[in-house]
Amino acid sequence: MDLFQMARDNAETYARRYESLRAALGVAAGRLELFAVTVRNEGRLAVNRRLKVLLRFLDRTGSYYNVHEWAAKLERRSGRPRGELLRLLLGAYYDRRMAFDRCVSQGERLHYGALHLGGLGAVHFGDYCLVFKEAFAVGRAELAYLWADSLKTYLLPGCMVDEEGLQRDACPHSHRHYLAALKHGADAASLAEERWPALICSRDGFIEALFAGSPTPGDLQAVRMDQVDYDLYTGFLVDAALGRLGEGDRHLVEDFDNLLDLLERHSIPLEKVAA
Amino acid sequence: MIRLLAIAPEDGWAFVRSADRILLLRPPYGKRRHPAVEESVVARAVAVEGFEAADQVFPDWPALFAHLEERFLAGRKALPAALAPEAIERILRHAPPSALESLLDRIEQEILPGRQWDAAGELLARFLAVDTPATAGLRPRAAELLVSCQQARSATGERWQRMTGAGRAPLATAKYGLEPVRAHAERIRQRGFFPAA
């Protein structure tokens, strides 16, 4: 099934569903509309990455691997069959991942991210939130949004894919604000605006983005990190000056300095966020 | 008993099961909270986010942390203990005001009282070499600390010189011997004060 085409086909349906919700909300409709407009104007595609993964992306333009691409690289390096490597990397989760990727066309090319409105994103998977420029997403044919984590939401027992659910929920980038409003609008209407980013994407949940293609560092609008982590690295400066920095921490701060260097070279802002 | 479920070795991240909870670990292990997560987070971490599936049991936390640190360091070259001056300046250049204030607090409350003049002087010199909006407001304080550091270092040096001179004094040398007097002077130099008799 072509997830991206389904998303495009759902555009009008999303617009209609949003209008129905707006009509049903009555006096809260104004807040819902403000929420939707905010997501349309400020909602970005984002992915969370750990430091070493981010360094590889910034250091070698285009090396933005998913598990299939990573296994292919390892196959070239080691000579071991890709299927065997995939089983090794995915372990007990192999069947679920394969079921989804085989059901969706271009499944082996897919990258996974989330809709982002601020904050630090899905930090359980990476402490650096890479926010893409709007230009990277606009007009990208191979980009779709889903209600939530696809592997959790659209995989039924026995590794069956919920094709009906995918068909219903796939949403194009142009209509992502309607999806956000339908999922979170009722809550957003009663919440202060500064809490909307966490509603859209946090460690507790997210609107999933799936896309194909190879982004480059030039596609990034900003990289975001927790201010607490920055305080930690600054503290390492003192420990290093006193000769008390352990070997592991020494490598952490070296990696972090490499990141700052690469961000400067690519002119990518580093935003420190108080979580 | 702790079971390792998934690992991203090059970053030192891991999901483990301990006492019916799944925890996310990341370095430095002793300096962070380790949040509890749902099983579905581990599934996604492996299936999508580049973690490797694992199934290994450790008797206690030190054994687990030692394993994670070993995997984290595998293939990495040894680094010099000291950070390069440009690395220090780069980290300071991007630092938010709160981090810079904490740094000056530690210099004032920890490094200077510990008489680590070289460490304090180096950090403060690097701080003053950085010119950003965040450092601008803290430059006067950093400059004051650097002056305090230099004055304290000078005072210590003068005391040490006096004791070195005393070491050359013929009467003291004749009474105690040259080496004991020199060793005593060195102890005073390191402590920065004359110990009680």
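In this predicted model, let us start with two helices of chain A, H3 (residues 29–42) and H11 (residues 176–190), whose axes come within 9 Å and cross at roughly 140°. Angles over 145 degrees would count as roughly antiparallel, so H3(A) is oblique to H11(A). The crossing of the two is right-handed. From H3(A), the residues in the contact include Leu32(A), Phe35(A) and Val39(A), and H11(A) contributes, among them, Tyr178(A), Ala181(A) and Ala188(A). Sorted by class, the residues of this contact are nine nonpolar, two polar and three charged.

Now turn to a strand, E3 (residues 128–132) of chain A. How many of its five residues are buried? Five are, and the strand is mostly covered. In a regular strand, side chains alternate between the two faces of the sheet. Look for this in E3(A): Tyr128(A), Leu130(A) and Phe132(A) point one way, while Cys129(A) and Val131(A) point the other way.

E3(A) also has partners. Strand E1 (residues 44–49) of chain A pairs with E3(A) in the antiparallel sense over four bridges, and here Arg49(A) stands opposite Tyr128(A). Strand E10 (residues 220–226) of chain A runs antiparallel to E3(A) too, joined to it by four bridges; Leu220(A) in E10(A) is the bridge partner of Phe132(A).

Finally, see where the two chains meet. The contact takes 44 residues from chain A and 46 residues from chain B. Among the elements of chain A that each supply at least two residues to its side are helix H13 (227–241), helix H14 (247–265) and strand E11 (270–273). That side of chain A has 22 nonpolar, eight polar and 14 charged residues.

Terms used. Residues are numbered from 1 along each chain as its sequence is written. Chains are lettered from A and ligands numbered from 1 in the order in which they are written. This is a predicted model: local features need pLDDT of at least 70, side-chain atom pairs count only at pLDDT 80 or more; totals for chains, interfaces and linings use all residues. Two residues are in contact if their C-beta atoms, placed from the backbone, lie within 7 Å. Ala, Val, Leu, Ile, Met, Phe, Trp, Tyr, Cys and Pro count as nonpolar, Asp, Glu, Lys and Arg as charged, and the others, Gly among them, as polar. Axes are lines fitted to C-alpha atoms, for helices over the stretch in contact, and angles run from 0 to 180 degrees between N-to-C directions. Angles under 35 degrees count as roughly parallel, over 145 as roughly antiparallel, 65 to 115 as roughly perpendicular and the rest as oblique. A crossing is left-handed if the near helix is turned anticlockwise from the far one by less than a right angle, and right-handed if clockwise. A residue is buried if 20 or more other C-beta atoms lie within 10 Å of its own, exposed if 12 or fewer, and partly exposed in between; C-beta atoms are placed from the backbone. Two strands pair if DSSP finds at least two bridges between them.
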